[in-house]
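Could you walk me through this model in my viewer, one selection at a time? I would like to know what to click on next and what is there.

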Amino acid sequence: MRDAKPCMEEWRKMRVHLILLLTLRAVAPGTQSCVAPDRKCDFVCDCPDCEDEQDCGYTGEQSVCDFEAGPCGWEDESFNAPYKWERRQRGDAFTDSGPSSDYTKGTASGWFMAVSAVASESVQTAVLVSPEMKQSAPTCRLSLRYFIWDSGRTGLGPAPLWASVRHRVYDEAVVWRPEPSSVRGWKEATLFLGRIPSSFRLVFYSDRAQGELADVALDQLRFLHCAPPAPAGTGCGDGAVKCKNEACVERRLACDGTDDCGDGTDEEGCGDFHLCDFEDGLCDMWDLRSISSLLWFRTNQKNISITDPMKGPGRDHSTNTAAGHFLYVTVPESGLKKDWAAFQSKRLQPTNSSHPCKMVMYTHQFGPRSGGLTVLVADKNIYPVWERGGALGDLWVRAEVEIVTNASFQIVIMAAIRDFAYGGIGVDSIVLSPECRRSSENWTLANIPKSPKDPCTFPEKMCDFHVDCDGANDENKCGDFAYPEGHQGWTDSSVGSQGWLLHENSSSKEVFLYVAEAAGQQKTEAQTKTPLLGPSGPACALSFDYALIGSPEHIGELSVRVMDSLLGPLPKVWEFGGKTGSEAGSWNHTVVHIGQRRARFQLAFEAQLAELHNSAQIKVKNVTFQYCNDKYFPYSPTGLSCNFEEGLCGWYQDTGDNFDWTLLQGMDHTISVGRSLVVDLWSPSLRGAFGRILSYTLQPTADRCLSFYYKLYGPNTGALNVKLLDGFGYELTLWSRTGAHGNMWHEAHCPVPHQLTPFRLAFEAVRSGFDGRVAVDDVALTDTPCTSLPRRCSFEGTRCDFSSAGQGRWRHRNGLTGSGPKSDHTLETAQGYYMMVDSGSDVLPSGAVSSLTSPVYYGTSRTECLRFWYLMDGDSPGSLTVYMKPVEGPRVKIFSNDLNQGDVWRHGHGDISSDLVDWQLEFEVIGAGGENTHVAIDDIHISSHPCQSQGSKCSLEKGMCDWSNTQDHLKDRLDWELTSRKAETHYPVPEADHTLGHEEGHFLFLSSSDRTAPNQNAWLLSPHLPPTKGTCLKFWAYMPYSGVSELKVWSLTVGQKTALLSTIDTRGSWRRFDVDITSALEYQIVLDGVKGARDFVALDDIEVTVGVDCAGRQTDSVKKGGQTGAGGIAAAVIVSLLLIVTLVALLVYYLRTRGRETAPPAGPTGFANHSYDDAMTVPDDSD
């Protein structure tokens, strides 16, 4: 046992050190106030490094949480329920649900907060809670991005996302309820927290019974203007009052029912003001009786509902809690019989312009039920003095009304209510100035104004860009200044201290909208909106003049936004910041494309002056809507045929997608330096999953042909689709390409089948990642069928004019249609298409034949290579033989196989030598009496050069030979890209290839761009190879830096990987690797590139010597005869006969036309079959 004395001595020393440390910390200047608990998370940085504002639901001086460095203190409190919140990345974990990326970084590596998947019989609630925050100012708001998508199509329910404030004492108060619409894209929203004088927490809820992973998500949280006003240090100046805490607030905010100082002193000494917060009744001032059957009533949120977040305003204004009272009107439980409700004040004495009656009130106009609010004066007549239309959002908005009348009067507050699902109008904290004095006059009935005329047409036809009424009364007040009263269609919907006003000068006829000081508290942009417009056509545009003028260097910002009636506010479509000049005449003109909007929408001007200054102005005039009629399609001389040098021709941007295509200068197919239509997936600003460009509507006609050139370039590009869209919402994929295709233009011909109804075409870019480019150029649409037959066919949406004959029918299907392959080869998903024939005895008896035949291809003098993928599954699936079938003469076999090879896609190929004779491909299946068997074909490709013979070197100069990328996201996320140094403009690559040692030589590379996460990989797969006792893989690799990226080599057998090689270094140059392979079973070789944080991995000159090891030894026996020999004999006989016929024909022709040019030979010259089976002959290297 240790002596206790030394232990006691050590303890004394430690205690002294501890006391000394605590003493130094206590006397350190500023330390005590820096870490004081009451200063933690109060939106004010008290510590030099803002340590006191870390993990407060936000972090740092900017009060931002983007979840990149952690959860910022947010915690899931879902009580171990099956439904919960979690911080996550898009990564590789999900692709068919949730956002395609986070919002902050816009990549798979960015972080966000999202819900888990849920599958329950009852509604589950996910709860996300912030740390405790100390207090907030009346101007406090939270800007965020949110995501709501019903990817599983199970229904969102009424409240998939909402937020509330949790107090220590009071019940929670709902502060935000976004529109529950399903869109796969991030949306922008603002939560107005308002004045909260004590500690609180912010809580996000999500209610769902069924939902996929991350279908509700949050990102990019930023708290704005939440700190109480800081001490001024000096005097407050004119127009402001000083608080006891030394802060200054605007004089207009004193005695207005809101604690703007933060200590309540701006609301002291207000005895002459009449404040009614409805906590104790109607304050002997307001009367709720009305001649309308729709009545206002005094209530609080607890009485309305504390379980349904969509009911009521969620909180009052005066206490900002669910217990506080207010006046409210909404659709009654019994239904809406009257659409207006009014209440009024007691009678007040006359006023004058020097002593007007001023009223401040706070209104809550939320949801589609809110039709608007009007303040009227009832003296001898009844007339409006203030109005605020529509819905303003989930907040209490400050309003000021000034009344001047020489007769006693009443104030009448009238609401318009619409018959929709949710929402209503609330009024609270009405403050009357001392000049609003009670009158003792007897009550007299004011003259009731005439009722407005009934609308001349149905509401949905108002402002729809079609004139339906006499005098265009249905379009006269919609915001288009071209109409005499069009400027009156703009309604100010500002909730902050800046708003829009209308200037009208009757003498000069000058009319414009301008930004001025407003009554609201929030430090938000001024906003003015049109009524509901549309729907609109694809050419719709907003034309206007604008001026940002004055002496300051920066005047402010002006923007245009579309407010969709179904989706809510959309991203801004136009922005301008700075100034247009210093003089009054410094106007600029612009035309903003609005495009086709299928639902009703509003247009909004949003602006904010950097400083409310007498010499600073933001103005808008000459506002017109151009070409917005939804039946209007502008004339394009070239129609849909377009080289994009002068615009989009007959194409337009889809407004219902996630991102736009852009016209890029300097990278085109037409003239190399011109323009093409591009989606740069590596752009940091790109968000969302897909982007479309649509054609104008086409009329029914016979078969057509759409030809174009395209690029799919980069390791993480995705897909390019051509789709046909009919008028009923149905979409048909006509053509599709996926994965890396190299930095080169490819020609495509897409048949457009005969249609009986009007339709549109679409180019659609679908991203699978964040690193690549999709481009289209030189589009042409002809009124005749495609004559240039496609050299590729993936069967996505089309049969490529292949026809079926024989006893069993070939069917165009995918993995969702029952029996057959579970996925195609192109997309490697169940949604992808292929051609398949059932070869079971019940459909195709033993010996019965079924054939799939291509259209006729033109003959050529060169030898071409047919490549395709096939699948033969089941016991005794029959035989598959591929023939080249000349239009005249016997067919020539170029491939055959009769093995059951399982539910696996395999690569086959063969050479085609047609000698200028037109020909067809014929895939022939002969039944073998099996049960539940089938044969499928996919991804047919005819290249203009001979096939690579097995065992030859692939130099990559004519393509990737038999090697291929995989689109299976369970195996990899990236693609190997074929390129050359000369062609490469975006990524770092070797200065030359290995084969030619030249900048024009080709190689494969995997980029390490920061647009994709480190350690993502790309598989390069060989075809299936036979069992071997020794085969050698030889290749050259290039890695600029050691340890940044990695290259692995695997053998893949029945889904099992065997490691053969791993390297992280080639010493910054091309280096050769030889890898011996043995396998008792059929296998594939995988070259697996793993990306680092920078640079690249490159491959060249790949060679597989089947049956010969790296020492040059023959390891596998050479089998004679078999499939290849039999085919070769048959081909030799046919070729000999054809050559004789050709020579005779040439002689006859020569004798008839001596002196003239001889005709080309007619007839095929042979075949080669480069697949294998157990009887296949493997030639020696010396052959």
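A residue is called buried under 20% relative accessible area, exposed over 50% and partly exposed in between (1.4 Å probe, protein chains only). Residues are numbered from 1 along each chain as its sequence is written, and side-chain values use heavy atoms, with hydrogens and water left out. What you have open is a predicted model, where local features need pLDDT of at least 70 and side-chain atom pairs count only at pLDDT 80 or more, while totals for chains, interfaces and linings use all residues.

**Stop 1: charged pairs**

Start by selecting R1072 and D1074, whose side chains meet in a salt bridge at 2.8 Å, N to O. The term stands for a side-chain nitrogen of Lys or Arg within 4 Å of a carboxyl oxygen of Asp or Glu. R1072 is partly exposed at 42% relative accessibility, and D1074 is also partly exposed, at 38%.

Now move to K723 and E731, where the closest N and O atoms of the salt bridge are 3.4 Å apart. Which of the two is buried, and which is partly exposed? K723 is buried, at 13%, whereas E731 is partly exposed, at 33%. One further pair to show is K477 with E485, a salt bridge of 3.6 Å from N to O. Here K477 has a relative accessible area of 42% and E485 one of 29%. Across the whole structure, a search finds 45 salt bridges.

**Stop 2: disulfides**

Show the cysteines next: the structure holds 18 disulfides, a disulfide being a pair of cysteine sulfur atoms within 2.5 Å. Zoom in on C540 and C628, with sulfur atoms 2.0 Å apart. The torsion about their S-S bond is about 70°, so this disulfide is right-handed. C540 sits in the loop between strand 28 (526-529) and strand 29 (541-549) and C628 in the loop between strand 35 (617-626) and strand 36 (651-653), so the link ties together parts 88 residues apart in sequence. (Strands are DSSP runs of E, at least two residues, and are numbered from the N terminus.) C540 is buried at 1%, and C628 is buried at 4%.

While the cysteines are displayed, find C750, which is in no disulfide; the nearest cysteine sulfur, that of C786, is 6.9 Å away. C750 is buried, with a relative accessible area of 0%.

For a left-handed link, go to C243 and C261, with -75° about the S-S bond. Both of these cysteines are buried, and their sulfur atoms are 1.8 Å apart.

**Stop 3: nonpolar cores**

Finally, select W74, W85, L144, W176 and F204, the residues that touch the most other members of the largest nonpolar core, which has 39 residues. Such a core is a set of buried Ala, Val, Leu, Ile, Met, Phe, Trp, Tyr and Cys residues joined through side-chain atoms within 4.5 Å. Among the elements that give two or more residues to this core are strand 5 (118-129), strand 6 (141-148) and strand 10 (200-211).

What is L144 in contact with, leaving aside its neighbours within four places in sequence? Its partners include W176, A189, L191, F204, L218 and L221, where contact means heavy atoms within 4.5 Å. Apart from this core lies another one of 35 residues, among them L513, L542, L609 and F625.

Technical notes. Helix = DSSP H or I, 4+ residues; strand = E, 2+ residues; numbered from the N terminus.
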